[in-house]
Amino acid sequence: MVKLPYELWIGSRYAGLTRSKGRGKDRFVSFVAGSSMAGIALGVAALIVVLSVMTGFQVQVRDRMLSVLPHIQVYNPGVPATEAVDNWEELKTEALKNPEVTGASAFVAASGMLARQDNMKGVEIRGILPETEGDVSDLPKQMVQGELSSLTPGSFNMVLGSRAAAQLGVGLGDTLLVMSPQGSLNPSGFSPRMRQFTVSGIFASGHAEYDANLAFIAVRDAAVLFRDSGIAGARLKIKDMIKAPEVANSLMTSLPPGYILRDWTYDNRTWFAAVKTEKRMMFLILALIVAVAAFNLLSSLVMSVKDKQSDIAILRTLGASPRSIAGIFLVQGSLIGILGTAIGVGLGCLIAYNIDVIVPFIENLLGTHFLDPGVYIINQLPSQVELDEVATVGITSLVLSLLATLYPSWRASRLQPAEVLRHD
């Protein structure tokens, strides 16, 4: 049988991990140690849950964005939309030479106004090719009414987002007036270019902003309507969306002069930068909870040193060195910190992995909904546990706990047996 060093045995007893035979003071010290351990565990769990939810929110928004948005857009602003649509196959051929590019489709993009009786709404209108749209986005899978294939050239059909359709009060078969910002001057003033479209489909991406502000029409119809005010070219999908800036830079060197490549990070860089900054600040703020728990550990160890002065004096008279006395309280504090961190990591991961079950249960219990889709981009609380974040939280907690043990341990090692026994 392996015999443990007495510092480890005594330290674990002071931490409440081994049973002592019934002294009230020992039970009190164990209670204080347990309270410190619980404080560290709750702080670590809270930090892991919040960081996981923020990461999940970021990933969910990104994935829903890219289910509608292209990874990369290639266009030449100096070329009319009709000409760009006629020549988009050349862009596709050149882009697919890059091994990172997996799909391409033609597009026309412009802003317009939709009017239905007294209701008017500004939207982003995109001309697409239904037969190749599935190569660059998930739009064909997101159709809840109608078919994307209804967007044939000359049909002047339109596929609307679910929220936009609800706001305008339209359904399948209803007509909308589409107005282009480009128009003509006549003796009566400026007249916008207008065309009547029929709603032939409704999609729901799960991203409230896009469901309320996107409309799709046939690429040829869009090229005619927005021939001078829209941009046209090719939309590309790549293997790894994270590499979009690198792939865009690589394609730039192989395309003729005048073309512009915009990846998805360019249009959304402000939003993602804000989320990243907010995440860092939340880590610092919630780390204060762990810091408070560490201070609680420090105070409990100081109390333990005060309570165990007689034991320390006896150990010193039996030959224990100051280093051994310090080791006892280092063991006590370290065990509390390690166990508190381990419990916190386990509890935090358990909650984070089951947030999709816990939150709906609480919402049903309270009869409320935490994320209103009319206010927030998504309507469900997501969560994604990142192991590097969990490791960072755990290491931070362990370091703070270890630092909290240094002063009480040093204080215990400085106690003089004669002074203690004189006043005991």
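In the classification of residues applied here, Ala, Val, Leu, Ile, Met, Phe, Trp, Tyr, Cys and Pro are nonpolar, Asp, Glu, Lys and Arg are charged, and the others, Gly among them, are polar. The model is predicted, with local features requiring pLDDT of at least 70 and side-chain atom pairs pLDDT 80 or more, while totals for chains, interfaces and linings use all residues. Residues are numbered from 1 along each chain as its sequence is written, and side-chain values use heavy atoms, without hydrogens and water.

Pockets were identified on a 1 Å grid over the protein atoms alone, as open sets of points where a 1.4 Å probe fits, with protein on both sides within 12 Å along at least five of seven lines; lining residues have an atom within 4 Å of a point. Points are joined across faces, edges and corners, and volume is the space filled by probe spheres set on them. Helices (H or I, at least four residues) and strands (E, at least two) are DSSP runs numbered from the N terminus.

At least two lining residues each come from β3 (119-128), α7 (208-213), β10 (260-263) and α10 (264-307), with α10 giving the largest share, 4 residues. By class, the lining contains 10 nonpolar, 3 polar and 6 charged residues.

The second largest pocket has a volume of about 260 Å³. Leu 51, Gln 58, Lys 276, Lys 279, Arg 280, Phe 283, Asp 388, Glu 389 and Thr 392 form its lining, which divides into 2 nonpolar, 2 polar and 5 charged residues. α10 supplies the largest share of this lining, 4 residues.
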